[in-house]
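The briefing after it is grouped by topic.

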Amino acid sequence: MSDTYISDSIIYIGVDDKNLDLFESQYPVPNGVTYNSYVILDEKTVVMDTVDSRATEQWLANLEQALAGTPVDYLVVSHMEPDHAANIYRFAALHPEAKIVGNAKTFTMISQFFDLDLEGRKVEVKEGSTLELGKHTLQFFMAPMVHWPEVMVTYEQSEKILFSADGFGKFGVMDAEEEWAEEAARYYLNIVGKYGPQVQALLKKAAGLDISMICPLHGPVLKENLGYYLDLYQTWSTYKPEQHGVLVAYASIHGNTAEAARKMAEILREQGEAHVEVMDLSRTDVSLAVRKAFYYDRMVLAAATYDAGVFPCMEEFLLHLKSKNFQKRTVGLMENGSWAPMAGKLMRGMAEGMKEITVAEPMVSIRSAMHEDTVEQMKKLAASLQA
């Protein structure tokens with residue numbers, strides 16, 4: 001275990017998973033992921049969450065080392081998703097003296113996942129409930145739909161530590177050499193992004209607490225400059241852009257739409273746009289494309305027509321954006337088609353089906369390949385995006 005001690009009384013017993021390729025079977029994690037778990041040692045001993053089944057044996061070894069023979073009084077279950085709750089059954093069997101702490105929805109889900117008799121072992125908590133451990137006191141706050149309905153966070157009052165469940169988590173193992181913000185943003189926007197209002201409700205609760213440290217269920221423990229992380233969550237959960245700029249995202253079959261997209265980016269820069277990023281949706285994972293769409297305040301979508309529809313990677317991108325509650329942006333459209341262009345109409349319909357999306361005019365319509373008249377349309381669209 002690295003960086004084992006959170007404090008004199010709190011020990012990190014999580015596990016790095018460097019071999020996982022897809023988080024939740026859909027998000028690439030080139031630097032792996034952590035499954036975080038913690039032990040609080042006091043008159044009463046508490047384990048904060050278990051880990052994924054992929055990490056069971058290492059977690060049990062870490063737990064045994066941290067306990068050093070001390071019996072466990074409680075297991076707090078913050079979140080029932082299997083990457084955190086897979087070992088509840090195994091833990092309960094190994095530590096029959098321990099009681100399980102959760103809310104009413106937690107215990108409903110435990111019965112769905114496991115054939116586990118918890119008669120006499122349940123400690124059901126509600127909003128604001130406390131659990132005295134000795135020098136430490138745990139206080140529980142419900143966080144429904146951040147991002148499952150049973151989620152709760154735990155505040156340890158004496159050391160001012162927030163155990164934040166999936167909040168403030170990120171992709172990447174502990175020793176990954178990368179900035180926190182980008183992988184945290186990709187994690188948040190793709191997994192929790194739909195639930196901005198619920199995150200706002202939780203942030204308001206957190207604002208009433210004196211927090212010195214945040215211990216999430218994925219990623220590093222946050223010990224310094226907490227305002228930076230809280231401000232980013234405020235931005236993400238209110239769907240505000242982080243950068244005044246334009247993402248040009250294209251879906252091209254044979255290269256003509258790609259050429260037009262690159263030309264569009266060139267025109268935007270010539271017209272004074274300082275931040276323009278071009279992205280090939282056929283070769284960029286959709287989770288990164290979603291992150292970049294939220295990052296900028298404007299976006300140009302360029303797609304070929306395919307089987308009387310939109311080229312599939314563009315359609316997938318737009319479906320993901322809608323499912324993640326994409327909103328408050330201006331979008332320009334560029335379509336391509338050799339005989340019956342439909343991509344523009346369909347992209348417009350999908351964009352207008354999202355919240356507070358302004359579609360800039362004119363829509364650029366390409367017939368097979370870019371020509372002088374196409375470039376003139378693009379110049380007008382660029383000007384409209386900058387108006």
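The buried residues of helix α4 pack against α3 (88-94), β9 (99-102) and β10 (122-124), where helices (H or I, at least four residues) and strands (E, at least two) are DSSP runs numbered from the N terminus, and where contact means heavy atoms within 4.5 Å. This is a predicted model, in which local features need pLDDT of at least 70 and side-chain atom pairs count only at pLDDT 80 or more, whereas totals for chains, interfaces and linings use all residues. Residues are numbered from 1 along each chain as its sequence is written, and side-chain values use heavy atoms, with hydrogens and water left out.

**Buried faces of helices**

- In α4, which runs over residues 104-113, the buried residues are Thr106, Phe107, Met109 and Ile110; buried means under 20% relative accessible area, exposed over 50%, and partly exposed in between, with a 1.4 Å probe and protein chains only.
- These residues lie on the same side of α4 because they cover an arc of only 160 degrees around the axis, the arc being that of the directions from the helix axis to the C-beta atoms.
- Ser111 and Gln112, on the other side of α4, are exposed.
- Helix α11 (residues 343-352) has Ala343, Gly344, Met347, Met350 and Ala351 as buried residues, and since their arc around the axis is only 130 degrees, they are placed on the same side of α11.
- The elements against which the buried residues of α11 pack are β18 (296-306), β19 (309-310), α10, β20 (327-336) and β21 (355-359).

**Packing of α9 with α10**

- Helix α9 (residues 286-295) packs with helix α10 (residues 312-323) at an angle of about 60 degrees, their axes being 10 Å apart; axes are lines fitted to C-alpha atoms, for helices over the stretch in contact, and angles run from 0 to 180 degrees between N-to-C directions.
- The two helices α9 and α10 are therefore oblique to each other, given that angles under 35 degrees count as roughly parallel, over 145 as roughly antiparallel, 65 to 115 as roughly perpendicular and the rest as oblique.
- The contact is made by Val286, Ala289, Val290, Ala293 and Phe294 from α9, together with Glu316, Phe317, His320 and Leu321 from α10.
- By class, this contact of α9 with α10 has seven nonpolar, one polar and one charged residues, where Ala, Val, Leu, Ile, Met, Phe, Trp, Tyr, Cys and Pro count as nonpolar, Asp, Glu, Lys and Arg as charged, and the others, Gly among them, as polar.
- Ala289, found in helix α9, counts as buried because its relative accessibility is 0%.
- Not counting residues up to four places away in sequence, Ala289 touches Leu247, Met279, Leu281, Thr284 and Phe317.

**Packing of α8 with α12**

- The axes of helix α8 (residues 256-270) and helix α12 (residues 372-386) come within 9 Å and cross at roughly 50 degrees, and α8 and α12 are therefore oblique to each other.
- On the α8 side, the contact is made by Ala260, Lys263, Met264, Ile267 and Leu268, and on the α12 side by Val375, Met378, Lys379, Leu381, Ala382, Leu385 and Gln386.
- The residues of this contact of α8 with α12 divide into nine nonpolar, one polar and two charged.

**The protein as a whole**

- The secondary structure comes to twelve helices and 22 strands, and the C-alpha trace spans about 80 × 40 × 35 Å along its principal axes.
- Of the 387 residues in the protein, 58% are buried.
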